[in-house]
Amino acid sequence: MSVNDQVVSRLKSEYGFKQVGEWLREGVCPDCSKKSLFTHAHSPRVVKCGRLNKCGLEIHVKELFDDLFKDWSKTYVRTETNPNAAADAYLKEGRGLDISKIKGSYTQESFFDNKINQGTATVRFALPNGGWWERFIDQADRFDKKANFKYGYKINGYWWYHPTNTLMPKEIWICEGIFDAIALAEHGLATVSPLSCVNFPENSLYELKAKYDEKRQTLPTLVWAFDNDAAGQRYTKQFIEQAKKIGFESAAAQPPYDKHKKLDWNDLHELGQLTDEHLKKYRYFGDLLTAKSPTDAAVIRYMHRKINQFYFEHGNRTYWFELDTNKLSKLMDVPDHEVEDIMGNMPDEDEQMAKFVRQTSTTHEILNAKLEALYFQRNDVTDESWYFTRVTTNKGDKQTTITGDQLSSPSKLKPRLLSVFAGVLWTGTAMQLDIIAKH
């Protein structure tokens, strides 16, 4: 029985799903306990709760049945006629990828660890200059790593190029992993993978430039789409500057941030969150990351959200933005009461309006750090409660507790933060603190 068939069987037996045409419905939601779960009947990937406002659970079947997604070569035994049986299944059922578009770029191989005397099947991809990279697919958590390069091979300076990229793409997305590149390519993008966010693909970029120069074509825009973590963000900014020296214009894209679970492009592909509208939002996140100044970041946010005042974080500091609608109406030469309607229908990309917003708004710092609420804890016996919070500055971060009393008063929050992290200073108003506390 295939992994997909086993998933369908267990959804019915463990969550009470009923098949209605092409759908499985009336599954019991593990979060709200209502018969509101639904998913596709023939190839379920993501299970969703239909109570969008009251629950809205979305969970991948791999999280529900983790045990089914571990032993691929045992379930899919390779044969002479199908030597890539397990590799095909892993990519198709385990990663949700269309293998027809990458056939011939990978093979099923094996890896053996002499230290633990155990082995695993692998999915292996060819790399430039005779190298390769492979992903372990059988109980990968047994090993001290989940992937492996050809012995002695270094990817430094090169990338893996997706086999279906058009001959001369106008834009190329550069993401950390091969599976991410494959996932993004299924949504009409030309993609490459340098296998690591620390690997600047200098050699591949020069080779690409030579090809475009020979055809007298304008160089493609590079979209640096690394993971949304500290390393990915740092090297995105660094590599944009390095690519500029070679002659490439660059932009950035970022997966959405979730403090509970890190999402990569392959995850978003499986969750159905790589539509054109989603990709536009991820480019917006990238624009925020690469904004040169707090004011730039504030204007980008305003053009996207159309909210007249808000707090935001940039460079591990917290700022306040406020638009003066009276000044804006005069600059636009329209009545005050029409400004919000006009701006609400204004596209994010309107450069002239962005200039107007910059001229009629203010941006100032209210905290020289970033606060992130991790979780809330209450002691019913003592009637005490705490917000466990991460305080981040350019010098590092610390976790601490902040009481509701301190969070509701600037005069109490200021000494609390100073006692946690030397030099961290709240300079905002009580109103600004109330808005931050609500979020």
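I took a contact to mean heavy atoms within 4.5 Å. With that cut-off, I found that residues 24 or more positions apart account for 51% of the contacts in the protein with a separation of 6 or more.

The model is predicted, and I noted that local features need pLDDT of at least 70 and side-chain atom pairs count only at pLDDT 80 or more, while totals for chains, interfaces and linings use all residues. Residues are numbered from 1 along each chain as its sequence is written, and side-chain values use heavy atoms, with hydrogens and water left out.

I next looked up the secondary structure, reading helices (H or I, at least four residues) and strands (E, at least two) as DSSP runs numbered from the N terminus; the protein has 16 helices and 20 strands.

I then turned to strand β11 (residues 171–174), counting two strands as paired if DSSP finds at least two bridges between them. Strand β11 pairs in the parallel sense with β13 (residues 221–224) over 4 bridges, and isoleucine 172 has leucine 222 of β13 as its bridge partner. Strand β12 (residues 190–193) also runs parallel to β11, joined to β11 by 3 bridges, and here tryptophan 173 has threonine 191 of β12 as its bridge partner. From β11 the chain crosses through helix α5 (residues 178–185) to β12 in a right-handed β-α-β crossover (clockwise from the first strand over the helix to the second, with the strands pointing away from the viewer).

Last, I checked burial, with buried meaning under 20% relative accessible area for a 1.4 Å probe, protein chains only: buried residues make up 45% of the 439 residues.

Definitions and conventions. Buried means under 20% relative accessible area, exposed over 50%, partly exposed in between (1.4 Å probe, protein chains only).
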